[in-house]
Amino acid sequence: MCSIDFEKYEKDKEELENELLAKMEERNQKKEIEIDFDLVLVREDWIWPTKSERISNTYGEKENGRFSVHINIAGEVGDEVYAVADGMVKEVGFHAENGYYVELKIDDEFTVVYGHLNEFLVKEGEVVEKGKEIGTVGTSGMATGANLSLRVYQEGEIVNPLRE
């Protein structure tokens, strides 16, 4: 006959869960990057698009060999998202990866795509001024948490949204 010590099992399970949660928290803290937010976007005259200053994903090559073509700015669902500059809303919609998004044509050189939105508050063809609320932070698409995905195109080529 076999016997199982269920109390020991529950204790071990709880210890493992706590250890896993601690490791996940440590990993998440390492992923967020503190940056001096004075004039960090690719253009000096652009404003920061959210109230949050927590970057949870950076542009560029990752440890796993993949390349991120955007940055993610962590926030809370419903936080306001602002136009970084004056522009015209080229497109709004939903994409499986990017979720609800707004594509804003700034000028002949730059286009900005805001993704993972909870909702967009503008319509195609609308002209917006820098600082206008165009949407809210969300978890749509393949978001791993509440954040804003910010992608910048310069003359049709994807570039780092942050000034290097």
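Predicted model: local features only at pLDDT ≥ 70, side-chain atom pairs only at ≥ 80, totals over all residues.
Me: His116 has a positive phi although it's not a glycine; is it buried or exposed?
Reply: His116 is found in strand E8, and its phi is about 60 degrees. Buried means under 20% relative accessible area. His116 comes in at 6%, so it counts as buried.

Me: And Glu155, buried or exposed?
Reply: Glu155 also has a positive phi, near 50 degrees, and lies in the loop between E11 and strand E12. The cut-off for exposed is over 50%. Glu155 has 62% relative accessibility, so it counts as exposed.

Me: How many residues apart in sequence are the parts that Asp79 and Lys51 tie together?
Reply: Their side chains meet in a salt bridge at 3.7 Å, N to O. Asp79 sits in the loop between E4 and strand E5, and Lys51 in the loop between helix H1 and strand E1, so the parts tied together are apart in sequence by 28 residues.

Me: Which residues are linked with Arg43 in a network of salt bridges?
Reply: The whole structure has 5 salt bridges. In one of them, Arg43 pairs with Asp45, with the closest N and O atoms 3.2 Å apart. The network links Arg43 with Asp45 and Asp107.

Conventions. Residues numbered from 1 in each chain as written. Heavy atoms only, no water. Helix = DSSP H or I, 4+ residues; strand = E, 2+ residues; numbered from the N terminus. Buried < 20%, exposed > 50% of the residue type's maximum accessible area, 1.4 Å probe, protein only. Salt bridge = Lys/Arg side-chain N within 4 Å of Asp/Glu carboxyl O.
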